[in-house]
Structures are given as C-alpha cells and as structure tokens.
Amino acid sequence: MLPIVKPNTPVAVPYQKFLNALSESDFTGDIESSYSSRLAVATDNSVYQQLPEAVILPRTIDDLIIVGRLLAKNPEVKVGARGGGTGTNGQSLTPGIVVDMSRHMRDIIEINIKERWVRVQAGVIKDQLNDVLRPHGFFFAPDLSTSNRATIGGMINTDASGQGSLVYGKTSDHILALSAVLPNGEVIDTELKPVTSLPEKESRTLTAIKQVLETCIGKREAILAKFPRLNRFLTGYDLEHAVSDDLSQYDLGRIIAGSEGSLAFVAEAKLNITPIPNSKALINIKYDSFESALRHAPAMVAAKATSVETVDSNVLNLAKQDIVWHSVSDLIQDVPDKDMLGLNIVEYNGDNREQLEAQINQLTQRLDDDIAEKRFGVIGYQVTYGLSDIDKIYGMRKKAVGLLGKTPGSKKPVAFAEDTAVPPENLADFIMEFRALLDGKGLRYGMFGHVDAGVLHVRPALDMCDPEQEVLLQEISDEVVALVAKYDGLMWGEHGRGYRSEYGLDFFGEELFTELRKIKSAFDPHNQMNPGKICTPLESDELLVRVSDTKRGYYDRQIPVEVRDSWEPAMSCNGNGLCFNYDAKSPMCPSYKVKADRRHSPKGRAGMIREWLRLLQAQNVDIADLEANAQPAPFMERRSNSVSLFNPANEDFSKEVFEVMDDCLACKACTNQCPVNVSVPDFRARFLSLYYTRYARPLKDYFVANIEKMAPMMAKVPGLINWGLSMNWVKRLIRKRIGYIDTPMLSSPTLRSRVKRKAKYDISALQKLDNEQKQKTVLIVQDPFTSFYEAGVVSDIVDLALALGITPVVLPFKPNGKPQHVKGFLKEFNQTASEASMFLNTHAELGIPMVGVDPSMVLCYRDEYKKALGERRGEFNVLLVHEWLMQLADKGIVATKAPQDVETYALLAHCTEKTMLPGSEKDWQKIFQHFGLQLQTVGVGCCGMAGTFGHEQKHMEDSRALFELSWQPAFEQFNPDQVLITGYSCRSQVARFEGVKPKHPLQALLQHLKS
C-alpha cells in the first residue's frame, strides 16, 4: 500500500504573517501556499531549483500597491516577480514569495493605431498581443522563440530581443512608458522627461530619480567607455540609455528594463508598435559545415538582410525526428549527395514586393556562383515567400530550444553560458574557440542563434544528476567569461543574468558596479525585490546568487537511477514551458489553457511526480517494489483513508499530486507536441494505480474501466437501456451517485443487425483466401464507442468498402483497454492488452489489412500496448481509416477524379490523431482529392470531451470552456453538413453543445459515392 507522503516544508512564520495580512486586505488576486503551488514555480527553464514560501497572483495594479505597502511593513519578506517562467538563468526563482503576473494581469488596456502605441498589463503574452494587433496591420516587434508563452512583463525585465534585433532592437527600444510599483507601494510612471522634472515631495521615487541622474550623468564618461558597442547591452540597469545623449532628459523605464524584477513590479506598459511589412521572404542557405554558416553570415548582413538565424546539424537532426519536421520538410530539403551540417535562415522584408524580389535575385545569383565555384561552403538554398510557410520555418527554429532536451542519454544540453554576444565580425573565431573548449572536455553540444547580432546559443550536454558534472558547469562558466572578454563581448547577450550575477563585478568594474548598488539602494533599500540578482544594496551584506547554487539535479539525484530511468517521461522535462502555449488552436495543454494554473500542465505534473518520487525515496520506500507488489488496502481502510483527507491536519502530498493528475484529460498532446515528449498520461496512469492502493476509488472509475464489458451486454437490449437512461430520475441518480452526466445513448438498430449480412466473420473462410483476394478484403476492428454508441459509422465503413470493391469483414468485438489505462487500472489493462494482442496477431498472420475507426483507440494499440507489453505485443498493425484509404489510393483502387463543383468540407481532427500522426490531415486532403472533393483543415485545440472526461460532472465546467475556446468558433464558421470530425468523443461533444452530430470523413466519402 502507498504510504503517506509528507514534504515537511511549512511556510516560514514571517511569510505566513505576511500572507495573513494580505488575505485580510483588499487584495483581489489569488494567494497560494500549498506545497504543489510552491513546487510549480520552483523551477523555470534553467538548471536551478528554489522552493518559494508562497505564490500570489495579482489581478490589478492596486493589488501590487497593496503588496508593496505590506512589504514596507515587513522588511524581512522577500519577493520575486514572475511572468512566463521561461528564463534560462533562474531570474524568476526566489526563496521568498513569487508574484506571478501571468494568470490574471492579461488585459490589453488600450490600442492607439493613429499614434502607434498600445498599453497592456504585464501578464499579456507576446503572441496574444500580436494576434490582437494583426488585424490593424501592426505588431510588437521583439521576436522571441518563446513568444507563445513569454509575457510582456518578463520581456521588459530581461530586455528581451531575439530574431531580427538588428532592425527591430530590444524590448527597451519599444517602451514608451511604464507603470511600476516600488516595494513600499509607490507607483512610478516612467516616460522620457526633462532632467528638471522631479517630484515635488520627498519620496522613494524622488530618491531613485536623483540617484539615477547622479550616476548616469556624473559617471557618463566611465559608462561610455565600459559599455560595448553591441546590439545587446549588459542586462541590469542600462546606465547609458537612461539619459539622452545631450543629458537633457531621463527615462527610468530604461533602468527598470533589464533589471530582472530587482527594482520594482512592472504592472503596465505603453509600447510602440510597428507596421507589419507587406512582403517577406526567407532564403534557407545550406552549408557543408557549421563554421561555413557562421563565416558566411556577415555577408548576409552586408546584403541588408532583416535577420540571419543559424542552426547547426545537431539541432537539425533533432528537428527531423520531431513532429515539427512534417511542417517544414518540403521547405528545407536535403541536398542530394551532400551533408547539410549548417543552415542560415535569412529574412528579407519590406513594403515593396518588386524591390524585395530584386534583393532576393541578387543574393541567389551570388549563391548560385558560390555553389558552382564551391565557395564559402554553400551547398544549396531554397527561397520561401508564403507567410504560412515562413511561419512554419520559424516555428521549427523556435522549437530548437526545447528540441535539444531530446538528446539521447543522461547528458542533456543545458542553459548556463548560452547567450554570449560578441561583435558579429568576431563570432566565427569566438565560436571556434568555444567549440574547442567544449571538445577538449569531451562534451556534445547544440548551437543555434542570431548570427547577425553576434549572439549564439551554445548548450553543452551535461548530466546534472552527476556532482562532478555540476562542478564542470562552474568550470566552463568561468572559462567562457574569460573567453567572452577576449573577444570584446558579453556573457549575457539576451537571456539576462540571474544566477550569473556573480560575474557582474568582473564586467562592470568596481566603480560602475558600486553605482549599480547605489541605484538598488534607492529603489529597494531592504533588498526585498528578487534578492541576489544583478546586485545588492550598497549597505547590504547579503550575498549574490551564484552559478554554484542549488540546482534541480541535486534533488533529482536523490531518486535512484533505476527509478529515474523507469519514470523517464517525468524526469526528462527541461522546463522549456511549451505546454504554456497561449494559442487556443494548439492541442497542448488543454487543462492549463482553461485553468491558467502552472500545476495543471505537463511541466507542473512532471515536477509533482519528480518530487513525489523523491519524497518516497526519502522515506526509504522501494518504489519499484511498491509498483510491482503493492496490494490495495481492504475497502473499509481505503474508505477511511479517503475520509481522513478532508481533515487539513492529515497532510499527504499524494493528494496534491492526485488533484493535478485527475484534471488531466489524458489527451496525449504532450506526448508528441512537447519537444522532449513529456508523456503525462503514462506516468499519470502509474500514479493513479498506486494512489488507489491507499484511497478508495470513486464509483465512476469502475464504470469507465468496465465500459467495454458492459456495452456489449447493454447492446442486446438497447431500447430498454435507452428508455431507462432517458428518465429524469435515472439521470439524477447517475449524476448524484456516480458523478456522470449526459450519458450517451446506445445505437439502435445495433451494429450487428446493420451489418450481419454484409460483413460476416468466418475465420476458416478468411484462411482460404488467396493473396489477390486478401488484398481485396479488409478486417474492421471494433471499438466500444463507435460499435455500440455510433454504429452508423461502422456500418458506413462497411458500405464504403463495398462501394470500393472491397470485401469487408467485421471482427468480433474485443476490449481495447484504453478506458482502463486512463483510470489507472494497469494490471487489468495489461491483461486486456495481452488478450487483444493475441487476437489481433492471429488475424494479422492472414495478411489482410485491419482498420479501426476511432483514433484514440487505434493509437492505443501503437503506444500504450507497446509500452505495457514490449515484445509481447507482437507485430500486428491496425490502420486508421485514412491510412487504409491512402493504401488503396496508392494501389490504384481509388481512382483519381477531377475536382467537382461541390461544397468544400471542413475537417476538425482529433487531437491525439493529429499530434501522433502529424501528416493525417494532409492525408485526408489527398484522399478527398482522389474522390474529386475538396477538404479544408481547420486548426482547433482539444474539444474538451477526451473520452469520458467531459461526462464527469466535476469536469463539466472545464469541458465546456475548452469547447468554447476553439471548437465552437471553428464549428460555427461552417454549415453543419460541411463539418467532418474524425474522433468519436469530438463528434459527441459537438452534438452535446451544438445539437447536431457531424459526420466522420468516411461518411462524406460514402455519401459522395452514393450520389
């Protein structure tokens, strides 16, 4: 039986006092101090881990003012602001209270197109802002690889830049004004002001302004001599640009930008916006080596390119193994008989298409000559004009950060010296020496970045669970600092300082570093704002954070190696945060999209499991033995244990883990969309299996797990069952006692009565077929949902096969086990999977294609079965409908027809299908073209049903919210007869909320053939 798991990390007394005062104030945001909430923000995209005392999530600037005033009364309390949590150097990690702006402060307050500016709250996501600006023809320019989850507040605090910075600059170049809150509740409204314009009354603000002017004007000569002439600057108090060149004006916003939350809370920002260029093109230039790509990049800058991004072969090879490559494989093709070891992605844009094409033609002519003369290592190129295709290429480049985490083995490329910046003309020599440094230590690494700005992201592969490798990280950091100085560059050219703050004195020198500390003192005299980052107040003896500080690996290595390997999907999360994707049309992650709670995400859930495993190990629990041999406690004991959880004094971290696992839809989008394939459904099922050895299962879990046994029996009397289910008192009873709502009705007439004369099963007859007959036969594998609740779809695939001249045979129903796996009945699932595999392998030996209708059930054979059974699964293969039809088309059985003058159909694909089989939507389009029909794919996220998730009363609100997020607006764009949906659960969800049940694509094809 699973033991109680206790973290024993109570909130410290001063912080509890602060939180009590906050809860008694007019603060309108959320206050969270549970261990799971704290743990969810204990990591970011760096190698560090720091558990905070609590998390508070303000809604307005007034909430921040309340926090600031309470900080003034509690000088021992420390805080750290947090946005998207995508920092690579621990900028948002704090031992104090995390002030998270990302959940609620997401309002776009005002847009002024005439004057070209926008005012937003700090938690607005970069892509969210640009989606709103796009219809007006504008965008917020700084372009980040994490743009779908990075917040404006986070961009300001790290002065983010990214791709195209030579043209578009850094975030600070676009700030017109800020509203920021000091740690005493004062609000600073920054903008460019005359140096004579000072507050009339004594205040913290006045003190800060005076110190900034004293430093920036009084030390002007030293500042200009120290600050390098680079596109990037020394993140952390921009002393050079806080005053105008003629010293007549000042802007505190320039000091706050890049300050990493160490001076004030950024609440709101007024930003300038940039017109979207009318024309854009990419030239993807391919090289025989990464060095060739680096050395050729300055020529692209000289050719007036808007931006030049580079990717090495390591990243390219990882991309080719990822779902993202399906979208760009035609746009970045291999060069015949050549090895593509480097890639420069060169962008040109402008408002004049002819002028743009002239620039492209000039460059391509030079590239043709380079290829012919074998100069500069150029081996090929491709030009892309379509905006959709350009976005796909940049999507691949943006995913490079996470893809590196997929490197095989325990050594993973990690961020710690990954944003060095040197003058572009020095970049190639610098990188060659950097590579020699890493090669000399026997390390693998990946490289990509902004070669036009002299910034390259270099990530050495280290095993952070190995203490010796952790020492090596410090050693490399020290050596890179010296190397960067040799080439007149910066250690932190883009991603902020964070735990690298210890090197600040080396870069600034004693004189200017002292000035930084004076500014810190003026803004934050008690060192309460993100302490240890950038610098400490002049009078403070507190220490800066250091590269050698506690890392996530310290905690992970407490878990035995064999356990880490067994639970690899949870251990592999590198914190890149793609699961926080803002895009409603992205399948990942539905539960996070509706909750905006970091715990309810693949990253959050992986973190919960890692800590749960660590705490079990700390209690000397043999986790492998527990999984193999744990027996459920007697029912009454489990029931008693469940009741005890209602008492707050009975703390069990397993309950907190359960809460975040229970709200997971098990949609499996994370399994393939996450760059490192963090598969939550896998470790979720294992956790549930162990959790319910201690606690009682709800009744609904038994109904779900046994639906495949119950459905065939109920289908014998569908009229009687449906009559009962239609009774209001029965509905109330099911909702109250089982927690189940909107129970689907059984099909009547049944599948058996529909197809018994058309698809008769006779194993002996099948065995007698010759090869030619086998190729004209198809075995239809049943699933419990379409066979018993949507029999018309299975009947229609039978008729479709007949219409195509194929003999259909409906195999006897065999349980699949997917519902058991979702609910964590793993022993039962393994038994079901074993029996189904034996049955399907027997029929696979016939050499006749097998096809199933529902994506989630068919793909369970390929994924869950393989993981549960290994080699015992066998080699059987059940095709999905589109795969079967593609095979028929390839064999010429489906004749190609010219497009007909018919209404275009719209395909809304099942999220599991399109993430596990990223080419499925294109395949459906090809199939419809074969039939002379047109099919449009529509981008949607999760429908919110996800098997039985949407039928559970406790999940109804989330289920509806997910449907309304992307499916409802997509569905309502079309006539219902146009909409085609591949997933049973998706069709059921649409029927529930729209009152009409769309067809499966196969039904549209059948209808076309009949007409």
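Here are legends for a handful of close-up views of this predicted model.

A few ground rules first: this is a predicted model, where local features need pLDDT of at least 70, side-chain atom pairs count only at pLDDT 80 or more, and totals for chains, interfaces and linings use all residues. Residues are numbered from 1 along each chain as its sequence is written, and side-chain values use heavy atoms, with hydrogens and water left out.

**View 1. Asp30 pairs up with Arg103 in a salt bridge.** A salt bridge here is a side-chain nitrogen of Lys or Arg within 4 Å of a carboxyl oxygen of Asp or Glu. For this pair, the closest N and O atoms are 2.9 Å apart. Asp30 sits in strand β1 (residues 30–32) and Arg103 in the loop between β4 (97–100) and β5 (108–112), so the bridge ties together parts that are 73 residues apart in sequence. Helices (H or I, at least four residues) and strands (E, at least two) are DSSP runs, numbered from the N terminus. Both Asp30 and Arg103 are buried. Buried means under 20% relative accessible area, exposed means over 50%, and partly exposed is in between (1.4 Å probe, protein chains only).

**View 2. Glu475 and Lys441 meet in a salt bridge.** The N to O distance is 2.6 Å. Glu475 belongs to helix α16 (residues 467–486), while Lys441 is in the loop between α15 (427–440) and β20 (445–450), 34 residues apart. Glu475 counts as partly exposed because its relative accessible area is 36%, and Lys441 is partly exposed too, at 26%.

**View 3. Glu502 and Arg546 link two loops.** Their closest N and O atoms are 3.2 Å apart in this salt bridge. Glu502 is in the loop between α16 and α17 (504–523), and Arg546 is in the loop between α17 and α18 (552–556), 44 residues apart. With 16% relative accessibility, Glu502 counts as buried, whereas Arg546 is partly exposed at 41%.

View 4. Leaving aside neighbours within four places in sequence, Gln128 is in contact (heavy atoms within 4.5 Å) with Arg106, Ile108 and Tyr582.

**View 5. Lys756 sits in the loop between α32 (751–755) and α33 (763–767).** Lys756 is exposed, with a relative accessible area of 53%.
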